[in-house]
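Subject: Structure handover

Hello,

Here is the structure for you to look over. My notes on cavities, cores and ring pairs follow below it.

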Amino acid sequence: MSADPSASAQTPSTQTTPAQADSADGTAAQAPAVQFGIEDGIAVVTLANPPVNGLSDRVRAGLAGALDEIEAADGLVGVVLTGAGRGFSGGADVRQFNTPAAHAEPRLRDVLARLVRLPVPVVAALHGFALGGGLELALGAHIRIAQEGTEIGLTETTLGLIPGGGGTQRLPRLVGAQRALDVILAGARLTAAQAADLGIVESVFTGDPVAAGIEAVRVRAASGEAVQALDDQPVPDASAIDFEAARTKARRNRRNARALLAAIDAVEAATRLPLEEGLDHERALFTELVEGPESKALRYLFFAERTAARVEALPRDTATRAIGTAAVIGSGTMGAGIAMSLADAGIPTTLVDTTDEAIDRARGRIRATYESQARKGRIDTAEAEARIARITPTTRQEDVADADIIIEAVFEDLDVKRTVFGQLDVVAKDGAILATNTSRLDVNLIADATARPQDVIGLHFFSPANVMRLLEVVQGAKTADDVLATAMALAGRIGKQPALSQVGEGFIGNRMLSPYRREAEQLLESGASPRQVDDALEAFGFAMGPFAMSDLAGIDVSEAGRRTFRVTADPVLLASQSDIPTKLYEAGRYGQKTGAGFYRYVEGDRTRYNDPVVEAIIEECAAASGVTRRTVTDEEIVERCVLALVNEAAKLLEDGIAQRASDVDVVWVAGYNFPAFRGGPLFWADQQGLDHVVARMREFQETLGEYWRPAELLVRTAEAGATMVR
């Protein structure tokens, strides 16, 4: 439904007519949303609604105006449909959803009904991107061609929707029901070559889209071949498709199962209904989804993620430093993952550790990862070898001397990290960025170990770093503006979702994780089992519950964070902590790596087995805390754990740790598996009603302890009748 612009186009050098209408809200347009001109008997219709040529009410009206002129013109040879700027069209204007503009006449369906019936060849000349409604518009043309490098796809399912402009009905008639179903369910962006292989576009070209479109019109007109509309194609055969198997698979998708199921229904309808009835069915499904909570949450996240990449305090034109080479200090799981993230983006990277044994392990881990990706078809063998070759393992720290950025990924200990940064201060070149991968420690204290604190920044990757999307960018007190701007840009370059944090215990994500785990552990003492807590939160939508996640990440790793917390925590908060995870740690139960944590595991099997040893530890800790165990409901589990996230999020916003509320939601969805279809903790809180949220927190304050006092920001926002996110 939207796109990242990736190419450029030119419009014909003819006088153009502003084929448009005022917006549905009555405001006059400042520039034509659709341009129209005739060149040597060929009409050129150009979408001109930057930055992505979204199909807003103005654009639809502009297209209708262009069709009026085309239908009235004499002697036309054909029509070229293209987009101005960097792409053809990114699809529907998502910001207009759930507003009157979305329902303003003409509908896209009405525009397409006229477009497909033009008696002369209509060529959609695609470039940059043709996504969502953009591709649906192109399906109304008789011929589609794409510039090399164009991204093409029906991406609606990623926003909890289905194509609503005929895509589920016309694409099956073009490429067959199975191929269409695969494309729609994946919501993926195909390359122009892939789209050509599937039959979505007829050919791939280089050069100017308008010139290529005009040539395609002339070739088709000269052939004498009659134009054929997709709308006239027969209902596609579906005898080989197992729609029920597709539904079974879709139900397992935690992010957007509802949209996937609707997409399957719509494509199946295309195989048994005439086009107009199929379009009616598609639109009914789309309308239901667009009004539903899942799509609203996913659309909110769509914009929140893009907003999170911006630093409000930095001018948009802040200079960045060139990153041509990189180095990573520490070759463990995290360090190797960071090195692979850099190599994946084409950045030559030096990977440093202290022993040959550590380097050999890292080298083996890296090769195994890339060879696995090649076997699964994610990359080819040549690319796998190229990425391996970009990583140079070494035991010589001086080999990082020429790196533009050096990322430290050693043990999470302040003294160790300060020692490493003191060493890097000596060997790194002037202007090199020095980044620490700390998850909790004070970046300012690490920066002070150097004579160049302005070059130091926190880059908190999440494990496995080559897979996880989130990157918390932690700004130190002395971090230079260009260093911050470079770090945010680098995140996008290596395929990460950045979120800015100021220095503070746990930054954004781990600071919120502490009260979330606190409630989960207290619920164990109250009477719940690890499995009940995990099951309840997984039913809410988390990919993994807190105890399954602890076992996966390592209880020994989280114990280091608990030690730091005990030193710095407020006494009221400290008293609320359970000793259960520490008791497990002391018993050598580190999780999956030792075959025992909150659950018991069998070697080679990640199945969680209940363990009476854990139950005994829980009962021991409950007795020590003076807790009488009782029946705990799943509803209480979800409410306490999620409200704890909400309250801490509000507190860290009060403290200025995050720059905006939506960033908090991005962090927890991208890095901590909060269910995307619920939008994030603060979006979820808004949907519950902040009055209700604050009232429940006050009840917990009375029954559980003073640490449940609702954040002042929550109280003020609720009293104002406002929301936490905009």
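Is Gln 701 buried or exposed? Gln 701 is buried, because its relative accessible area is 17%. Buried means under 20% relative accessible area, exposed over 50%, and partly exposed in between, with a 1.4 Å probe and protein chains only. Gln 701 sits in helix 28 (residues 690–703). Leaving aside residues up to four places away in sequence, Gln 701 touches Glu 706, Trp 708, Arg 709 and Pro 710. Contact here means heavy atoms within 4.5 Å.

Two notes before you go on. This is a predicted model, so local features need pLDDT of at least 70 and side-chain atom pairs count only at pLDDT 80 or more, while totals for chains, interfaces and linings use all residues. Residues are numbered from 1 along each chain as its sequence is written, and side-chain values use heavy atoms, with hydrogens and water left out.

Cavities

The structure holds four cavities of 30 Å³ or more. A cavity is a set of points, on a 1 Å grid over the protein atoms alone, where a 1.4 Å probe fits but cannot get out; lining residues have an atom within 4 Å of a point. Points are joined across faces, edges and corners, and a volume is the space filled by probe spheres set on them.

The largest cavity has a volume of about 60 Å³. Its lining includes Val 45, Leu 63, Val 111 and Leu 137. Helix 1 (57–72), strand 4 (78–83) and helix 2 (108–115) each give two or more residues to this lining. Helix 1 gives the most, with four residues. Helices (H or I, at least four residues) and strands (E, at least two) are DSSP runs, numbered from the N terminus. The lining of the largest cavity has ten nonpolar residues, no polar and no charged. Ala, Val, Leu, Ile, Met, Phe, Trp, Tyr, Cys and Pro count as nonpolar, Asp, Glu, Lys and Arg as charged, and the others, Gly among them, as polar.

The second largest cavity has a volume of about 50 Å³. Among its lining residues are Arg 518, Glu 648, Lys 651 and Trp 708. By class, this lining has five nonpolar, one polar and three charged residues. Helix 25 gives the most to it, with four residues.

Cores

The largest nonpolar core has 78 residues. Such a core is a set of buried Ala, Val, Leu, Ile, Met, Phe, Trp, Tyr and Cys residues joined through side-chain atoms within 4.5 Å. Val 533, Leu 653, Val 664, Trp 668, Phe 674 and Leu 682 touch the most other members. Helix 25 supplies the largest share of this core, twelve residues. A second, separate core of 69 residues includes Val 34 and Phe 286.

Ring pairs

There are 14 aromatic pairs. Rings of Phe, Tyr and Trp (its six-membered ring) pair if their centres lie within 6.5 Å; planes under 30 degrees apart count as stacked, over 60 as edge-to-face and the rest as tilted. The Phe 547 and Phe 598 rings have centres 4.5 Å apart and planes at 40°, so this pair is tilted. Both Phe 547 and Phe 598 are buried. The Tyr 585 and Tyr 590 rings have centres 5.4 Å apart and planes at 20°, so this pair is stacked. Tyr 590 is partly exposed, with a relative accessible area of 25%.

Best wishes

Key. 1 Å grid on protein atoms, 1.4 Å probe; cavity = no way out; pocket = protein on both sides within 12 Å on 5 of 7 lines; lining within 4 Å.
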